[in-house]
Amino acid sequence: MDYILKSLFSSEAEELYILDCSAYLLILMALLTFVTLLFENVPYGRYASSRYGFPVNVKFAWFVQELPAILVPFCLVFFTSASRTSHLPNQLLLCMYFCHYVQRSLIYPFLIRGGKPTPFVSFALAIVFCIFNGYLQTRYLSHYAEYPADWVTHPCFISGAILWFAGWLINVHSDHILRNLRKPGETGYKIPRGGLFEFVSGANFFGEITEWAGFALAGHSIHSLAFAFFTLVVLASRAMAHHKWYLTKFEDYPKSRKALLPFVF
Ligand SMILES: NC(=O)c1ccc[n+]([C@@H]2O[C@H](COP(=O)([O-])OP(=O)(O)OC[C@H]3O[C@@H](n4cnc5c(N)ncnc54)[C@H](OP(=O)(O)O)[C@@H]3O)[C@@H](O)[C@H]2O)c1
């Protein structure tokens, strides 16, 4: 793996420069995505459309599209001279990343109940994103990120780690509530109840946005910030779209429920 990286980059300074540029590129992609999402919903799940390619089985799609988010980082951490992996802040941040993606790739897909097939274009874009972002986050953390020795006791790290953990719990719990709305074999939609869904329509999205915002605060880098920003753009739009969809679909949808931010929005 080191051989591949050495053939791609002439020096470590060059690779770090590319990683920095990639983070700014991700921010640019988030801004372009923001504009696109003003006109169109991300086409999967309830917004899936045959205009975006042939349908891919939903469990297969989630498993395969998210798998590179583990495989690429795994190779980078264990099969390269990942020189910063002996440092505690880097280890903890990498653990946060892996914890999320092990759940998302190896557990979540096999629990889905009655999910809509994913259009091929959405599936392919998700694969590209997982490779790109997996490399960006974990190469930076495993080989370049330098933190002060006492960074894990810094208020930014502690509050970021708490936010990450709270967000992860909310995300996993909310996805659990959604999947249990359907009995085996059902494919329709019901009003989600319980947990943070009592306050917002996009409880699972609120959890994931909180998670990566916490990761960015604890990681304190343009790379983690770019990921948190991209997640915010995609999932805030999805939460708003779902909220509008629920209001038109269910006459008895709770009127006090907000789209994404409890009591506010
Ligand atoms: N980091 C990122 O950029 C990013 C991007 C996308 C997703 N994600 C995460 O991936 C997870 C899934 O995302 P998603 O967009 O697929 O979430 P979603 O639209 O809320 O759907 C999640 C699952 O629950 C089902 N479901 C949703 N609402 C339901 C209802 N009212 N009644 C019955 N079943 C319902 C869906 O079925 P259908 O397929 O039939 O709709 C799907 O299987 C979330 O945790 C999200 O945070 C992260």
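User: What makes up the span of residues 117–265, and how far apart are its end C-alpha atoms?
Analyst: The span is 64% helix and 1% strand, and its end C-alpha atoms lie 30 Å apart. Helices here are DSSP runs of H or I with at least four residues, strands are runs of E with at least two, and both are numbered from the N terminus. This is a predicted model, where local features need pLDDT of at least 70 and side-chain atom pairs count only at pLDDT 80 or more, while totals for chains, interfaces and linings use all residues. Residues are numbered from 1 along each chain as its sequence is written.

User: Why is Ala259 called buried?
Analyst: Happy to show you! A residue is buried if 20 or more other C-beta atoms lie within 10 Å of its own, exposed if 12 or fewer, and partly exposed in between, with C-beta atoms placed from the backbone. Ala259 has 21 C-beta neighbours inside 10 Å, so Ala259 counts as buried.

User: Where is Ala259, and which residues does Ala259 touch?
Analyst: Ala259 sits in the segment after helix 9. Leaving out residues up to four places away in sequence, its contacts (C-beta atoms within 7 Å) include Val200, Ala239, His243 and Phe265. Ala259 and Lys244 are 15 residues apart in sequence, with 8.2 Å from C-alpha to C-alpha.

User: Which residues of helix 4 are buried, and what do they pack against?
Analyst: In helix 4 (residues 68–78), the buried ones include Pro68, Ile70, Val72 and Leu76. The buried residues of helix 4 pack against helix 3 (58–66), helix 5 (88–111) and helix 6 (120–144).

Terms used. Contact = placed C-beta atoms within 7 Å.
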